[in-house]
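Biologist: I would like to learn how to read a model like this one. Please take me through it feature by feature.

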Amino acid sequence: MKEKVYALFGVFGPLLVYVSIAASLVLSPWFSWETNALSDLGHAVTSDFAWIFNLGLLLAGFFLMIYSMTAFKKHAMYSSFFLLVSTFFVQLLAVINTSYGELHYVVAIPHFLMLSVTSIFYTAEKKSAFALATFLAVMFSWLLYLLNIFSIGIAVPETVSKLVLLWIMYSALRIYFGKE
């Protein structure tokens with residue numbers, strides 16, 4: 001029974017990320033996909049609704065941390081370690097928002113890297129085509145951004161990176177329904 005409850009943290013954490021980003025975007029008409037980073041939504045000085053974005057990340061990180069240390073660890077031990085590290089960095093992102101300048105990127109880059117590493121380990125550990133597909137989509141979006149093929153801002157690959165949360169939610173639902 002406890003495992004089912006803990007599995008729900010793996011569903012609600014990602015949902016919180018999606019809801020806080022969506023709410024912040026709706027409430028921030030100044031946001032531009034060509035010039036802003038998603039983290040600009042959490043700038044404590046320039047964004048009126050930074051608290052929504054930052055609180056969403058903080059709570060999502062907490063929920064996913066619980067998931068990675070409990071239900072997920074029993075089903076994907078190695079992947080759970082990398083997810084745990086990533087959740088730590090996402091919580092730091094909420095606290096060290098873009099108002100801290102370059103220090104923000106010191107925690108943002110490891111977060112995105114650890115999400116990718118988590119996907120790679122989960123792909124290998126559980127033979128997950130879903131995790132592999134999201135990882136490849138994320139890498140492709142970052143490649144397009146870095147090669148400057150389209151006129152997009154960094155918010156686009158950052159948003160695509162949130163696709164990884166879909167396989168995390170899927171894994172949690174599988175655990176919840178006893179399929180894992």
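Modeller: Start with contact, which means heavy atoms within 4.5 Å. Leaving aside neighbours within four places in sequence, Leu115 is in contact with Ser86, Ser161 and Val164.

Biologist: What kind of model is this, and how are residues numbered?

Modeller: This is a predicted model, where local features need pLDDT of at least 70, side-chain atom pairs count only at pLDDT 80 or more, and totals for chains, interfaces and linings use all residues. Residues are numbered from 1 along each chain as its sequence is written, and side-chain values use heavy atoms, with hydrogens and water left out.

Biologist: How many helices and strands does the protein have?

Modeller: Elements are DSSP runs, numbered from the N terminus: helices are H or I with at least four residues, strands are E with at least two. Here there are eight helices and zero strands. From the N terminus on, the order reads α-α-α-α-α-α-α-α.

Biologist: Where does Leu115 lie, and is it buried or exposed?

Modeller: Buried means under 20% relative accessible area, exposed means over 50%, and partly exposed is in between (1.4 Å probe, protein chains only). Leu115 lies in helix 5. Its relative accessible area is 6%, so Leu115 is buried. The C-alpha atoms of Leu115 and Met77 are separated by 15 Å, and the two are 38 residues apart along the chain.

Biologist: How much of the protein counts as buried?

Modeller: Of the 180 residues, 48% count as buried.

Biologist: How should I read a nonpolar core?

Modeller: In soluble globular proteins, nonpolar side chains tend to be buried together. A nonpolar core is a set of buried Ala, Val, Leu, Ile, Met, Phe, Trp, Tyr and Cys residues joined through side-chain atoms within 4.5 Å. The largest one here has 37 residues. Leu38, Tyr67, Phe72, Trp167 and Ile168 have the most contacts inside it. Helix 1 (2–26), helix 2 (50–69), helix 3 (71–75), helix 4 (77–95), helix 5, helix 6 and helix 8 (164–176) each supply at least two residues of this core. Helix 8 gives the most, with seven residues.

Biologist: Which residues does Leu38 touch?

Modeller: Not counting residues up to four places away in sequence, Leu38 touches Ile21, Phe31, Phe53, Ala155, Glu158 and Thr159.

Biologist: How far apart are Tyr176 and Lys4 in sequence and in space?

Modeller: Sequence separation and spatial distance are read side by side. Tyr176 and Lys4 are 172 residues apart in sequence and 4.7 Å apart in space, C-alpha to C-alpha. Tyr176 is in helix 8. With residues up to four places away left out, Tyr176 touches Lys4, Ala7 and Leu8. Its relative accessibility is 25%, so Tyr176 counts as partly exposed.

Biologist: And what of Phe88 and Leu136?

Modeller: Phe88 and Leu136 are 48 residues apart in sequence and 24 Å apart in space, C-alpha to C-alpha. Phe88 is found in helix 4. At 42% relative accessibility, Phe88 counts as partly exposed.

Biologist: What share of contacts joins residues at least 24 apart?

Modeller: Take contacts between residues at least 6 apart in sequence; 66% of these join residues at least 24 apart.

Biologist: Which residues other than glycine have a positive phi?

Modeller: Lys127 is one of them, with phi near 55°. Lys127 lies in the loop between helix 5 (102–126) and helix 6 (129–146). At 70% relative accessibility, Lys127 counts as exposed. Asn148 also has a positive phi, about 55°. Asn148 sits in the loop between helix 6 and helix 7 (155–161). At 57% relative accessibility, Asn148 counts as exposed.

Biologist: What is the radius of gyration of the protein?

Modeller: The radius of gyration is taken over C-alpha atoms, and the globule rule is 2.2 Å times the number of residues to the power 0.38. With 180 residues, a compact globule would come near 16 Å; the protein has 16 Å, which agrees. Along its principal axes, the C-alpha trace spans about 45 × 35 × 25 Å.
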